[in-house]
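Welcome, and take a moment to turn the model around before reading on. We will start from a single residue and widen the view from there.

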Amino acid sequence: ARLDAAARGAEARGDHGAMCGLLQRAIALLPEGDSQRLEMMVGMAVPFNTAGLHNEARAGAGELAASPGGRFQGVGRVREGFNDGHGTEWSVGGREANIVAAREVFGRLGDELGLAWADRGERALHWMAGRTAAAAAAAERAEIHARAAGDKAFAESMRRTAQSMLAFGPT
């Protein structure tokens, strides 16, 4: 739990390298399928891909998608889309379907953090498709859901992301 908390602190500081190292150490201490392990894996797609840890990001998405319980499966589907965006398997249609399915699961569960992840996935989808205004709007929705879930670091990250996108100019 302390390594996870330290990883969240590193994320809040924008230190993705430290976050990745701390998450890797924390995740390695827990067995596959453990709910704490899965919860830690929820936030690793962005920093792991940013740090070039694509194989680790894909493995995490796969473990989440294969886990029991709709919430982790939904997060895994959103993360698979993000991971694909950093590789050669990306398509708008396939990713939109994953995000819609994940959003339905999170909505049914009342999972604000899951809804934030779905909006973050939608943000990435729009950004990669060159739809800046839609991407910024999705980031703003992700911020709202993250704040409702009490994840200040995630909310701040999405606020900064939306501002950066709008600085490039809506399309």
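Predicted model: local features only at pLDDT ≥ 70, side-chain atom pairs only at ≥ 80, totals over all residues.

Residues are numbered from 1 along each chain as its sequence is written, and side-chain values use heavy atoms, with hydrogens and water left out.

Buried means under 20% relative accessible area, exposed means over 50%, and partly exposed lies in between, with a 1.4 Å probe and protein chains only.

Now step back to the whole chain. The protein chain has 10 helices and zero strands; helices (H or I, at least four residues) and strands (E, at least two) are DSSP runs numbered from the N terminus. Of its 171 residues, 47% count as buried. Along the principal axes, the C-alpha atoms fill a box of roughly 45 × 35 × 30 Å. Among contacts between residues at least 6 apart in sequence, 53% join residues at least 24 apart.

Next, look at helix α1, residues 2-12, where Ala7, Ala10 and Glu11 are buried. These residues sit on the same side of α1, because they cover an arc of only 100° around the axis, the arc being that of the directions from the helix axis to the C-beta atoms. An α-helix has 3.6 residues a turn, so residues three or four places apart point the same way. The cover over the buried residues of α1 includes α2 (16-28) and α10. Just after α1 comes Gly14, with a positive phi of about 80°.

What about aromatic rings? Rings of Phe, Tyr and Trp (its six-membered ring) pair if their centres lie within 6.5 Å, with planes under 30 degrees apart counted as stacked, over 60 as edge-to-face and the rest as tilted. By this rule there is one aromatic pair. The rings of Trp117 and Phe154 have centres 4.6 Å apart and planes at 40°, so the pair is tilted. It links distant parts of the chain, with Trp117 in helix α8 (residues 112-128) and Phe154 in helix α10 (residues 152-168), 37 residues apart. Trp117 is buried at 6% relative accessibility, and Phe154 is buried at 1%.

Our last stop is His126, also in helix α8. Is His126 buried or exposed? His126 is buried, with a relative accessible area of 10%. Leaving aside residues up to four places away in sequence, His126 touches Arg131, Ala134 and Ala135. Of these, Ala134 belongs to helix α9 (residues 132-149) and is partly exposed at 28%.

Note on methods. Contact = heavy atoms within 4.5 Å.
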